[in-house]
Amino acid sequence: MRTSMWGVVGLAALCGWMVTAGSADGAVFAQSTHGKPDVKSIDVIGFGPEGTLLIGDGRSAAIFAVSTGEGKSTAKPRGTIADVAGKLVASIGAKADCIEILDLAVHPLSNTVYFAVRKQDDKQPIVLTVKPDGTIGDFYLVSVTYGRVALAPAGGPAVSRVTDVAWADDKLVAGVGANDAFASKIFVAQTPLRHDAAGELHAAETFHVQHNKWETKSPMSTIMPFTENGKTYVAGAFACTPVVKYPLDSLSPGAQVKGKSVLELGSGNRPLDMFTYVKDGKEYVLSNTFRFHHERRPFGPSPYWTVRFDRDLLDEEENVNEKALFRLKGNEPATPKVVLVENYHGVRQMDRLGESEAVVLRETSDKKLELAILPLP
């Protein structure tokens, strides 16, 4: 079913929806297959080279890389789409009276917005799309070119959830939660990918700045690959809320990776998304966050708030871990390198759109969700 978002009207009330960013063979795949991928759950989505959709599936303990077949387009989404959850519900049929929006990601070539959605009636995961002209589509995971990469070899640790997935130069990376003493894991698979191969899980140890101790159990809630002096790293952010960098080069199979905490955003928060961008010649990182201490100590009008920090903070080597920079000193900002972005209050999900904008899923004053385009701060 395909429907124009601007033409959907008269939708009945939703029941508690929730928010919980041609063939690609060659750059992406060394070996792929064609058919229906056995996706059991969708925790998160992202994109790799050539617009390849990356699906983190915790129940299958796998990452699926799926060719979307979408080419480059100059068209971009414009304006705001009110009650986007209601319009997505209407597009999948009358029986779907409520949905859970799990994640969104923007196709880097076509600018189509992809939504990972779980129907509340049968718990089935589906992928919906919103084209730049507002048309809703269903990206059917039925007859596609894809590759499946296991998160760990047979007999490895039991995976509970994929928290984020991304492409880092010549690596596929993911944040993973596992059911063992080192619950926080970083997944790495070398590319191009081979269908039904297994990647490597690395136990991640992190200095939790607020807790003033090294920890292994809390998985990072969002990850962001970056390059520093020709080397590949991944920045991860955790609840309560250190931003940590981990080296990815020269990791031996099964090796533990130890992070360097470079920034503390504040107690009582869980980062949701994170990406870099350049504005006026300077590079920044933008991260939206859920504040579970909002009622007791709000940072703004919504428990969903967004912070921008200077990208060069990730290059820090001396002031790390016990010496990491704090965003706040008491109730006041501690540094001009980290600022709260008021225009992004209420943003639950976001992804970059081109060089100067972001697509955001934002909570409105009436507790509904709108899809909006915001300038990067």
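Residues are numbered from 1 along each chain as its sequence is written, and side-chain values use heavy atoms, with hydrogens and water left out. Because the model is predicted, local features need pLDDT of at least 70 and side-chain atom pairs count only at pLDDT 80 or more, whereas totals for chains, interfaces and linings use all residues.

**The sheet.** Select β8, β35, β34 and β33, which in that order make an open sheet of 4 strands with antiparallel pairing; strands (E, at least two residues) and helices (H or I, at least four) are DSSP runs numbered from the N terminus, and two strands pair if DSSP finds at least two bridges between them. At the edges lie β8 (80-81) and β33 (347-353), each of which pairs on one side only.

Next follow β34 into β35 (residues 369-375), with which β34 runs antiparallel over 7 bridges; here V359 stands opposite I373. This second hairpin has 5 residues between its strands, and K367 in the turn takes a positive phi of about 70°. Finally, cross to β8, which is held to β35 by 2 bridges, again antiparallel, with T80 opposite A372.

Now colour β34 by accessibility: 7 of its 7 residues are buried, which is to say under 20% relative accessible area, where exposed is over 50% and partly exposed lies in between (1.4 Å probe, protein chains only). Show the side chains, and E357, V359, L361 and E363 point one way while A358, V360 and R362 point the other way.

**The helix.** Select α1 (residues 84-91), of which 7 of 8 residues are buried, namely V84, A85, G86, K87, L88, V89 and S91. The helix lies across β8, β34 (357-363) and β35, running at about 120° to β35; axes are lines fitted to C-alpha atoms, for helices over the stretch in contact (heavy atoms within 4.5 Å), and angles run from 0 to 180 degrees between N-to-C directions. Just after α1, G93 has a positive phi of about 110°.

Select Q124, P125, I126, D138 and L141, the closest to the centre of the second largest pocket among its 18 lining residues. On a 1 Å grid over the protein atoms alone, a pocket is an open set of points with protein on both sides within 12 Å along at least five of seven lines, a cavity is a set where a 1.4 Å probe fits but cannot get out, and lining residues have an atom within 4 Å of a point. The space in this pocket is about 420 Å³, and strand β11 (residues 125-130) gives the largest share of the lining, 3 residues.

Then select T206, H208, E215, T216, K217, S218, F238 and P242, which line the largest cavity, with a volume of about 50 Å³; a volume is the space filled by probe spheres set on the points, which are joined across faces, edges and corners.

**A last stop.** E50 sits in the loop between β5 (44-48) and β6 (52-57) and is partly exposed, with a relative accessible area of 38%.
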